[in-house]
Amino acid sequence: MNLLRKKNFQQLAQRPSTLKKALNAFDLTMLGIGAIIGTGIFVLTGTGALTAGPALMVSFVIAALACCFAALCYAEFASMVPVAGSAYTYAYATLGEIVAFIIGWDLILEYLLAVSSVSVGWSGYFQSLLDGFGMHLPTMFTGAPGTNPDGEFTLFNLPAFVIIMLITLLISIGIKETKRVNNIMVVVKVSVILLFIAVAIFYVKPAQWSPFMPYGFQGVFTAAATVFFAFIGFDAVASSAEETIQPEKNLPKGILFSLGICTVLYIIVSGIMTGVVPFLEFERYIDHPVSAVLKVAGQNWVSGVIDVGAILGMTTVMLVMLYGQTRIMFAMSRDGLIPNIFQKVNPKFGTPFVSTWIFGLISAVLGAFIPLTQLAELVNIGTLSAFILVAISVIVLRKTEPHLNRAFKCPMVPVVPILAVLFCGFLILNLNPLTWLRFLVWLLIGAVIYFTYSVKHSKLKDAS
């Protein structure tokens, strides 16, 4: 078995696609913002503030730097190989099949658990909104078993299940419909965040930023590893390569623009939040920290608007993550590493229809029945591992294929890729040891699938 067999870059670049091209640089930027701004800014800011204090702003900068270095590496590959599959496809052409499978398996973990866990947060905000109108769901349909804080019986998180099913329906219909809905919701939620900044900035008390780093650098680093979840999603932009118009130009723009815009918003919002509310008080508002800041400031009407923005924000995160999930599976199936059913494209809608519904249903069931709060770090470790391997791939390819056409070049190679490896590796070291154990179990499951199925059905098997 040739576990390190590789794809040919020239053949990849010329491969015909059955997917519809409908995305430009603006659409890709909106797709990236749709994936990034959601749970991170509306929920994790409260958790991060309890861990880092006002220095949460620094934590976001550290996490953003790790993403920025990785994004530059992604942008180079995206401009060279405009093919679905993102980091999985890049690794297949540089590090070999088994490494590519590991990355693809990582990304499945990232997207699947991200969609499921965000759906639970979405459900909480949605139920809060219903409560504001005096409407209440039966308690048994408000959460996964054993998740009610008052000990009441819960069986099924109905809102989490329904929202994922609706998003699955939208994605399965077509990319044009998906991008239109995403663009509208992104405009609304960014407007809501700008409204928060415009109103809350007048209530900032600089004295609240002292002590700035109450738990020292360890608190800052731990918070950075946690809020890294807030940035995952820009890599989903790379998964849309085959549906992008002029991908060699538009993909790098979409990746870098979306990451830059979101980083600025995160830093400003976290600074304002800790300047209005003493960071220790966020323990009382852990599920809705942004809207709570406005309630403390006496701006209840804006707080209600923020709740609506949070619902839209989480909706776009689930939409883009589920979209990226199906495109990764599409690429892996097309290469023979997973069953053929995941690459079948519906002739009417031009989407991997069956794959979309399979993973939509899995995500919905997980969100409805399983408490996923402890699994958020699993999303982080899978993503960070993929980022590290992409950065290494850039260095390898510069050495092995220096003359390939690169519409966008990652600057300062190998310095930037090495920084990506160091920053991402450092964040991994700050994750919970239990997360490492769960991640190893996931990799073992992937190894069983690879050695029992993938090596026998790989499309490169006969050529190796």
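Me: I'm new to this structure. Where is P211 found?

Reply: P211 sits in the loop between α8 (175-200) and α9 (216-227). Keep in mind that this is a predicted model.

Me: What should I look at in the backbone there, say at the peptide bond from S210 to P211?

Reply: Start with the general idea: most residues other than glycine have a negative phi, and most peptide bonds are trans. Here, the bond from S210 to P211 is cis, with omega near 0 degrees. The peptide bond from V413 to P414 is cis too, with omega near 10 degrees. P414 belongs to the loop between α15 (376-400) and α16 (415-429).

Me: And what about phi at M412?

Reply: M412 is not a glycine, yet its phi is positive, about 55 degrees. This residue is in the loop between α15 and α16.

Me: Is M412 buried or exposed?

Reply: Exposed means over 50% relative accessible area. M412 has 59%, so it counts as exposed.

Me: Okay, helices next. How do I read the packing of α5 and α6?

Reply: Two packed helices are described by the angle between their axes and the distance between the axes. Helix α5 (residues 87-94) and helix α6 (residues 97-132) pack at about 170 degrees, and their axes are 7 Å apart. That makes α5 roughly antiparallel to α6, because angles over 145 degrees count that way.

Me: Which residues make that contact?

Reply: From α5 come A87, Y88, A91 and Y92, while the α6 side includes V99, F101 and L107. Sorted by class, the contact has 9 nonpolar, 1 polar and 1 charged residues.

Me: Staying with α6, is L129 buried, partly exposed or exposed?

Reply: L129 lies in helix α6. Its relative accessibility is 26%, so it counts as partly exposed. Leaving aside neighbours within four places in sequence, L129 is in contact with V308 and I311.

Me: Which residues touch the most other members of the largest nonpolar core?

Reply: That core has 146 residues, and F42, Y74, F196, F231 and F234 touch the most other members. Its largest share, 17 residues, comes from helix α13 (residues 300-334). Not counting residues up to four places away in sequence, the contacts of F234 include I36, Y74, L259 and F387.

Note on methods. Residues are numbered from 1 along each chain as its sequence is written. This is a predicted model: local features need pLDDT of at least 70, side-chain atom pairs count only at pLDDT 80 or more; totals for chains, interfaces and linings use all residues. Side-chain values use heavy atoms; hydrogens and water are left out. Axes are lines fitted to C-alpha atoms, for helices over the stretch in contact, and angles run from 0 to 180 degrees between N-to-C directions. Helices (H or I, at least four residues) and strands (E, at least two) are DSSP runs, numbered from the N terminus. Angles under 35 degrees count as roughly parallel, over 145 as roughly antiparallel, 65 to 115 as roughly perpendicular and the rest as oblique. Contact means heavy atoms within 4.5 Å. Ala, Val, Leu, Ile, Met, Phe, Trp, Tyr, Cys and Pro count as nonpolar, Asp, Glu, Lys and Arg as charged, and the others, Gly among them, as polar. A nonpolar core is a set of buried Ala, Val, Leu, Ile, Met, Phe, Trp, Tyr and Cys residues joined through side-chain atoms within 4.5 Å. Buried means under 20% relative accessible area, exposed over 50%, partly exposed in between (1.4 Å probe, protein chains only).
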